[in-house]
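Work through the exercises below with the model open beside you. Try each task before reading its solution.

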Amino acid sequence: MEFILVLVLILLFTKLAGALSVRLGQPAVLGKLLIGIVLGPAVLGWVQDSDFIHYMSEIGVLLLMFIAGLETDLAQLKRNWKSAFAVAVGGIMLPFLGGMAVGEWFGFDQHHALFLGALLSATSVSISVQVLQEMNKLNSPEGTTILGAAVVDDILVVILLALLMSFFGTGEAVSISLLIGKKVLFFAVAILAGWLLVPRLMKGFAPLKVTEATVTAALVICFGFAYFAEMMGMAGIIGAFAAGIAVGQTPFRHTVDTKVAPVAYSLFVPVFFVSIGLSVTFDGAGSQIPFMIVLVIVSVLAKLLGGGLGARLTGFSTRSAVIIGTGMISRGEVALIIASTGLASGLLLPEYFTAVIIVVIATTLVTPPLLKAVFREPVRRLVKKG
């Protein structure tokens with residue numbers, strides 16, 4: 001029953017840390033992320049990474065993105081698709097060039113420097129989604145653009161990573177045409193299923209004389225879409241987000257949202273936030289402090305400027321462009337997965353693995369307070385005056 005004690009510690013301390021964070025004027029998610037570092041191997045060592053944590057956190061992030069899809073204004077998302085694409089492209093090009101430059105500056109071989117650029121190109125908006133939900137900004141033009149850009153970013157970064165592994169990796173060669181074909185197939189199936197299958201499945205389950213049949217149907221759709229996304233080489237969170245949008249177009253949207261959200265935010269999502277902090281360890285990182293400082297600065301500025309420039313060029317105001325660029329900063333679990341893949345394929349040097357993980361966590365930690373700061377009224381007035 002030790003895993004029950006671990007769960008008690010996570011649930012108790014994430015809520016307390018989140019409440020303290022709000023009292024200090026920061027988003028609750030910042031406290032939840034920081035408590036993961038405190039509870040984990042880096043500080044107290046009370047919570048260790050395990051299969052239990054991994055599975056619970058996977059469900060947590062899938063439910064988080066599913067709820068984001070449920071609450072997304074599809075019409076707003078359609079209106080901002082050009083901006084989303086531009087933000088994603090800008091948010092990949094600048095970080096890729098910046099990461100490559102940092103790698104070469106610190107003496108990396110060309111292929112190791114290229115991989116570092118690909119790593120910095122990744123984006124995980126699950127943290128930004130939580131902050132936007134806290135501020136009731138998820139359906140704003142900036143919020144929907146961030147969500148749309150994250151989908152495009154995921155596709156482009158996976159293709160970029162596959163190219164690097166094909167040319168420089170130690171594993172098997174990857175077929176780029178097959179990779180792109182899988183992405184096209186995923187979106188074709190997701191759109192068709194969302195249009196034809198999801199409404200029928202939800203309607204068919206609704207009259208069943210069993211407990212919470214409608215919610216169960218929604219969860220089947222969520223996890224089914226996520227699994228299919230992973231099969232097609234996409235991040236599972238993209239599948240869960242697509243599932244949320246599909247269910248959100250049915251008459252059962254409100255019912256599903258009000259039933260799934262309490263379970264997600266009270267049990268699974270806190271474990272996800274803590275799991276990110278469990279990756280932090282300071283062993284052997286002392287000699288690489290200059291590398292980490294430079295990489296964090298480049299990581300933050302490159303996403304902010306790249307994503308912001310894409311938004312600005314497609315009609316957003318300067319303030320909105322800054323918000324969108326800030327929302328793309330977090331690398332989160334997506335970059336952690338890419339780092340592990342790079343280590344296994346020889347594209348990431350083992351001695352830099354810990355430093356890279358710390359940088360990824362740092363970008364995830366700075367996103368909530370930065371995103372809240374740029375949404376504040378004083379910033380709006382300052383930008384207008386400038």
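A residue is buried when its relative accessible area is under 20%, exposed when it is over 50%, and partly exposed in between. The model is predicted.

**Exercise 1. Salt bridges**

Find the salt bridges and state how many there are. For each partner, decide whether it is buried or exposed, or lies in between.

Solution. 

Step 1. Apply the cut-off: a side-chain nitrogen of Lys or Arg within 4 Å of a carboxyl oxygen of Asp or Glu. The count is two.

Step 2. Take Lys259 and Glu212. Their side chains form a salt bridge, at 3.1 Å from N to O. Lys259 sits in helix H12 (residues 253-277), and Glu212 in the loop between helix H9 (176-205) and helix H10 (213-231). The two residues are 47 apart, so the pair links distant parts of the chain.

Step 3. Check accessibility. Lys259 has a relative accessible area of 37%, so Lys259 is partly exposed. Glu212, at 38%, is partly exposed as well.

Step 4. Turn to Asp153 and Lys303. The closest N and O atoms of this salt bridge are 3.0 Å apart. Asp153 belongs to helix H8 and Lys303 to helix H13, so the bridge ties together parts 150 residues apart in sequence.

Step 5. Check accessibility again. Asp153 is buried, with a relative accessible area of 1%. Lys303 has 0% and is also buried.

**Exercise 2. A nonpolar surface patch**

Which residues form the nonpolar patch on the surface? Which helix gives the largest share?

Solution. 

Step 1. List the members: Leu94, Ile289, Ile293, Ile297, Leu301 and Leu305. Together they have about 530 Å² of accessible area.

Step 2. Assign them to elements. Helix H13 (residues 289-313) supplies five residues, the largest share.

Step 3. Ile293 lies in helix H13. Patch residues need over 30% relative accessible area. Ile293 has 48%, so Ile293 counts as partly exposed.

**Exercise 3. Enclosed cavities**

How many cavities of 30 Å³ or more does a search of the whole structure find? Describe the lining of each cavity.

Solution. 

Step 1. Count them. The search gives two.

Step 2. Describe the largest cavity. Its volume is about 70 Å³. Among its lining residues are Met65, Thr123, Leu147, Asp154, Ile237 and Val334. Helix H8 (141-168) and helix H11 (236-248) are the elements that give two or more residues to this lining. H8 gives the most, with four.

Step 3. Sort that lining by class. Eight residues are nonpolar, two are polar and one is charged.

Step 4. Describe the second largest cavity. It holds about 40 Å³ of space. Its lining includes Leu119, Leu295, Ser299, Arg331, Val356 and Thr363. Two or more residues come from each of helix H6 (110-121), H13 and helix H16 (353-375). H16 contributes the most, four residues.

Step 5. Sort again. The lining of the second largest cavity has seven nonpolar residues, two polar and one charged.

**Exercise 4. Open pockets**

Solution. 

Step 1. Start with the largest pocket. Its volume is about 880 Å³. The lining has 33 residues, and Glu333, Val334, Leu336, Ile337 and Ile338 lie nearest the centre.

Step 2. Find the elements. Helix H3 (51-70), H8, H11, H12 and helix H15 (332-345) each give two or more residues to the largest pocket. H15 gives the most, seven residues.

Step 3. Classify the lining of the largest pocket: 19 nonpolar, nine polar and five charged.

Step 4. Move to the second largest pocket, with about 720 Å³ of space. It is lined by 23 residues, and Leu74, Leu77, Phe187, Ile191 and Ile245 are the closest to its centre.

Step 5. Find the elements here. Helix H4 (74-79), helix H5 (81-105), H8, H9 and H11 each supply two or more residues. H9 supplies the most, with seven.

Step 6. Classify the lining of the second largest pocket: 18 nonpolar, four polar and one charged.

Terms used. Residues are numbered from 1 along each chain as its sequence is written. This is a predicted model: local features need pLDDT of at least 70, side-chain atom pairs count only at pLDDT 80 or more; totals for chains, interfaces and linings use all residues. Side-chain values use heavy atoms; hydrogens and water are left out. Patches are made of residues with over 30% relative accessible area and no salt bridge: like charges are joined within 9 Å, nonpolar side chains (Val, Leu, Ile, Met, Phe, Trp, Tyr) within 5 Å. Accessible areas come from the Shrake-Rupley method with a 1.4 Å probe; for residues, only the protein chains shown count as cover. Buried means under 20% relative accessible area, exposed over 50%, partly exposed in between (1.4 Å probe, protein chains only). On a 1 Å grid over the protein atoms alone, a cavity is a set of points where a 1.4 Å probe fits but cannot get out, and a pocket is an open set with protein on both sides within 12 Å along at least five of seven lines; lining residues have an atom within 4 Å of a point. Grid points are joined across faces, edges and corners, and a volume is the space filled by probe spheres set on the points. Ala, Val, Leu, Ile, Met, Phe, Trp, Tyr, Cys and Pro count as nonpolar, Asp, Glu, Lys and Arg as charged, and the others, Gly among them, as polar.
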